[in-house]
Amino acid sequence: MKNFNNVSMIVLFVLVMLLSACGPAQPSDEVQVAVIVALTQTAAALENPAPPVEIVETPQPSGDFQPLAADECTNLKDTLSQMVGLPGEVVSSVPFNDFVNEKSGFGCQIAYSVSGENEPPDVRAILPSLGWQENDAYAAGGIGGMATAYQNGEALCLYFSEVKPADENACPTGEGYILCAMELPPEQLLRTVSLNCARPVP
């Protein structure tokens, strides 16, 4: 209440000074009303200032792994593509799950897909010549796919191969999906190999 009274007195003082400055020629009723309204609005704004704007920081991806540098991932894809004769594609940031050490984060993904009776590129035969050594601790497989991993220094690439229906609605989800997919004719299948590559966050 004390602050409000102070503001009111300031408004009144400014109004008196304004009217006095006008001299004998008194302002019209419309001008006086406009001045009073403007000063009253100013006083209200001073009495009830707008709340401060809250700055919300954009959350950053967190985890134990981060993707390889963009040029590093692209160079690896370009080298593989040249050797296997397929363009391939890169996704710069995908979830990365180191299931052996129970750590996670984000990686860059290099993927090749072929349909019909075409065989997917054998990138596993190429990686050792590029300095990537297989880590058998990640090896796993079954009907329809397999997994393993390749390391180059601190960098880790998770390898996956998969056979699945080209039409995602061709087989029911859940139990029996893989057996259904294996019974489809080759022209209805999609074969994919991918590398998900990352290195530990410093």
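Tutor: Let's start with a term: a disulfide is a pair of cysteine sulfur atoms within 2.5 Å. Keep in mind that this is a predicted model, where local features need pLDDT of at least 70, side-chain atom pairs count only at pLDDT 80 or more, and totals for chains, interfaces and linings use all residues. Residues are numbered from 1 along each chain as its sequence is written, and side-chain values use heavy atoms, with hydrogens and water left out.

Student: How many disulfides does a search of the whole structure find?

Tutor: In general, a disulfide is a covalent bond between the sulfur atoms of two cysteines. Here the search turns up three of them. Number the bonded cysteines in sequence order and the pairing reads 1-2, 3-6, 4-5.

Student: Is Cys73 buried or exposed?

Tutor: Buried means under 20% relative accessible area, exposed means over 50%, and partly exposed is in between (1.4 Å probe, protein chains only). Cys73 has 2% relative accessibility, so it counts as buried. Cys108, at 1%, counts as buried too.

Student: What about Cys157 and Cys197: where do they lie?

Tutor: Cys157 is in strand S6 and Cys197 in strand S7, 40 residues apart. Their sulfur atoms are 2.0 Å from each other, and the torsion of about 110 degrees makes this disulfide right-handed. For Cys171 and Cys180 the torsion is about -80 degrees, so that disulfide is left-handed. Both Cys171 and Cys180 are buried.

Student: How many residues does the largest nonpolar core have?

Tutor: A nonpolar core is a set of buried Ala, Val, Leu, Ile, Met, Phe, Trp, Tyr and Cys residues joined through side-chain atoms within 4.5 Å. The largest one here has 18 residues, and those with the most contacts inside it include Leu80, Trp132 and Cys197. Helix H3 (70-84) and strands S3 (103-115), S6 (155-165) and S7 (189-200) each give two or more residues to this core. Apart from it lies another core, of seven residues, among them Phe65 and Ala149.

Student: Which residues does Leu80 touch?

Tutor: Contact means heavy atoms within 4.5 Å. Setting aside residues up to four places away in sequence, Leu80 touches Tyr112, Val123, Ile126, Leu127, Leu130 and Leu195.

Student: Which side chain of opposite charge is nearest to Arg191?

Tutor: For charge, Lys and Arg count as positive and Asp and Glu as negative, while His and the chain ends are not counted. A salt bridge is a side-chain nitrogen of Lys or Arg within 4 Å of a carboxyl oxygen of Asp or Glu. Arg191, in strand S7, is buried yet has no salt bridge, with Glu119 the nearest side chain of opposite charge at 4.6 Å.

Student: What joins the side chains of Asn135 and Gln151?

Tutor: A polar contact of 2.9 Å does. The term means a pair of N or O atoms within 3.5 Å; within protein, one must be able to donate a hydrogen and the other to accept it, and residues adjacent in sequence count only if both atoms are side-chain atoms. Asn135 is in strand S4 (residues 133-142), and its side chain also reaches the backbone nitrogen of Ala137 at 3.0 Å.

Definitions and conventions
Helices (H or I, at least four residues) and strands (E, at least two) are DSSP runs, numbered from the N terminus.
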